[in-house]
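Please open the model in your viewer and keep the selection panel at hand. The tour moves from one selection to the next and says what is to be found at each stop.

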Amino acid sequence: MSQPLKISACMIVKNEEKLLPNCLKSIRSHVDEIVVVDTGSTDGTVSIAESFGARVYHHPWEHHFSKHRNQSLDYATGDWLFIIDADEELLPLKGLSLHQALDVGEDIDSALVRVECPSPSGLIHANSVRFIRNRPHIRYKGRVHNYLEGIEKSLFLEIRLFHHGYNLGKEVDRHKFERTTELLKRDIEEDPENPRPHHFLAASYLAERMYRPAAESAEKAIDLFEKKRMVPHNYLWSLYIAAASRHNLGEDEKAEGHCLKAISFFPDHLDSHFILSGIYMKKDDSALFRKHRDAYLAIHKEIETDPSRFGEIVHNSFGALWLVNLWSGVMALSAGSPAEAEDHFQRSRDLCGSELHFHLELARVFWTKNMPGEAEKEYWKVLELDPGNTEQFLELGHLLERSGQRRKQRSALEKFLVQTTPDRGLLLALAPAYLEWGHPEIAASLFQQVLDRDPHDPEARINLGLCLVEMGKFEKARRIALGYIEEGGDLLLPAYRVLGLSEYYGGDLSRAFDAFIEMTHIDPDLVEPYVYLSRIALEKADIETCILYCDNLLRLLNLERDIVLHSLPELGTQFVRIAESLTARSAPALARVCLDTARVLAAVKPPADPSPAFP
């Protein structure tokens, strides 16, 4: 008679007292032993593990997940090893027990299960190898986001794990991000041609909405995967990260290219059809939208009915079915079918499960579709549901600003402040926005409210000075800046900025020059002081110094510098180039100063004798 099958749960932990009890409760009746490697817990983690009968082994943290993961495997005595983390939970089993499910032929050395992970757009689904035979050649590799080597044949089990690890609050997420990216960067230093750490670094950046570095890291991973002729599930995942990041950056052509590449490799790639649906919804291309929307819906259904067919492919957009229905509603509305649109919106609302999230996304989609009236209505619904939501109020303010509704913008602020209790954080969030929107008097009143509570609040003082500059009250702004500088506060750079601007626009170019020079001493890579220094040098007829500052601007803006100038108008052309770059960087005020400098230079008449070339 054969020996009964034995299953060992293997874990590595550190300071997991909040989540560990839930994890151990979910597995204790399904396994024969629990092996825990603790890497330095200082809370109640160890005592909790022992209370569930776990055997706990202590190993100091060595910044290497695979090493500690393999230590847990080495201590296990079971025939099958069940790998689970403290922030995961085994969901109730349906059908066979674990022991029955794993009673398979010896040629099967591993088993995949479904892992569900919450995200802002809904659940992410992926199949992951979580059961392995207890064989010494099957072990983990990789400092972080470790992966298995040595497995040969897997089966899929109808078992689900729920991963709580990315739903624990901003502080916990930020700590995980910093730890993970540090370890991944070490892996890249040691093996720069390995695509995996580049891929997982991209995934970390995307989770933090750092779209530019996410796109660049993902594209590096894609190149390396292709160079090494490796096309695992992480290759498709990298294509998704690159596409999603480029889409969020507004670079839809690049996003589209990544999606089409993924589909050419694996036609049933859910995430690519999802992103393409969003791209074509935005472009109002109904034919292509329907094509990829329908493909998404069909693949989504197949993932539900036959998940084993997709191997370890991660379905990042599995929980975004509500969003696809929302897009369908917007497309129907654009096509003049309000009844059909309402059906899609109702389905989207039901799937989303959050009125707030539904109306917010609908507002944003209406805005991207250039439907400001509809977007405004949805933003007000969001603020009715969450009256103190500063971030969404600012989005509404930007919408009103861009659609030229300044009077409505002002009344919206008054209504918002009545609905909320404005604390310092709220006032300091609203005031800069109103300064940016061209309402310095409103911004000044908000900063003044902060100062009424604390006359020495440094951030409010300095920003009030900026408002006064915009309002033309240069002497008052100057006094604020000088007073703060004399006190020796920490915000010296913005204080000198206020001083420089108040002196410049107040007409004292010499004192403005000194203030802007101080800014360059504090931060030599700032563009703004060199813009004004160039203009001041020109006013003083100091062409050589003006050229020097022009060269600094070209360097800081990464513009071509290897240019020989033969006249002052040609120098003016360089300031036009600088102005164009500043406009693209959303710095219109600085661009205007550069264009003014260019106009002055263009008006200078050439001398009678040829002048030497400018260096």
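Select helices α12 and α14 and look at how they pass one another: α12 passes α14 in a right-handed crossing, where right-handed means that the near helix is turned clockwise from the far one by less than a right angle, and left-handed that it is turned anticlockwise. Their residue ranges are 321-334 for α12 and 355-368 for α14, and the two axes come within 11 Å and cross at roughly 45 degrees. These axes are lines fitted to C-alpha atoms over the stretch in contact, with angles running from 0 to 180 degrees between N-to-C directions. The pair is therefore oblique, a class that takes whatever is left once angles under 35 degrees count as roughly parallel, over 145 as roughly antiparallel and 65 to 115 as roughly perpendicular. Helices here are DSSP runs of H or I with at least four residues, strands are runs of E with at least two, and both are numbered from the N terminus.

The model is predicted, so local features need pLDDT of at least 70 and side-chain atom pairs count only at pLDDT 80 or more, whereas totals for chains, interfaces and linings use all residues. Residues are numbered from 1 along each chain as its sequence is written, and side-chain values use heavy atoms, with hydrogens and water left out.

Now show the side chains between the two helices. Trp 322, Leu 323, Leu 326, Trp 327, Val 330 and Leu 333 of α12 meet His 357, Phe 358, Glu 361, Leu 362, Val 365 and Phe 366 of α14, contact meaning heavy atoms within 4.5 Å. Of these residues, 10 are nonpolar, one is polar and one is charged; Ala, Val, Leu, Ile, Met, Phe, Trp, Tyr, Cys and Pro count as nonpolar, Asp, Glu, Lys and Arg as charged, and the others, Gly among them, as polar.

The next stops are salt bridges, each a side-chain nitrogen of Lys or Arg within 4 Å of a carboxyl oxygen of Asp or Glu; the count comes to 42. Select Arg 139 and Asp 74, whose side chains meet at 2.9 Å, N to O. Arg 139 belongs to strand β8 and Asp 74 to helix α3, and the two are 65 residues apart. Arg 139 is buried at 17% relative accessibility, while Asp 74 is exposed at 52%; buried means under 20% relative accessible area, exposed over 50% and partly exposed in between, with a 1.4 Å probe and protein chains only.

Go on to Asp 284 and Lys 369, a salt bridge with its closest N and O atoms 3.0 Å apart. Asp 284 sits in the loop between α10 and α11, and Lys 369 in the loop between α14 and α15, 85 residues apart. Asp 284 is partly exposed at 44%, whereas Lys 369 is buried at 13%. Selecting Glu 475, Arg 478, Arg 479, Glu 503, Asp 508 and Arg 511 then brings up one network, joined by salt bridges that share partners.

Which residues is Thr 390 in contact with, leaving aside its neighbours within four places in sequence? They are Phe 416, Leu 426, Ala 429 and Leu 430, and the C-alpha atoms of Thr 390 and Leu 426 are separated by 6.9 Å.

Finally, zoom out to the whole chain, which has 27 helices and 11 strands and a C-alpha trace spanning about 110 × 60 × 55 Å along its principal axes.
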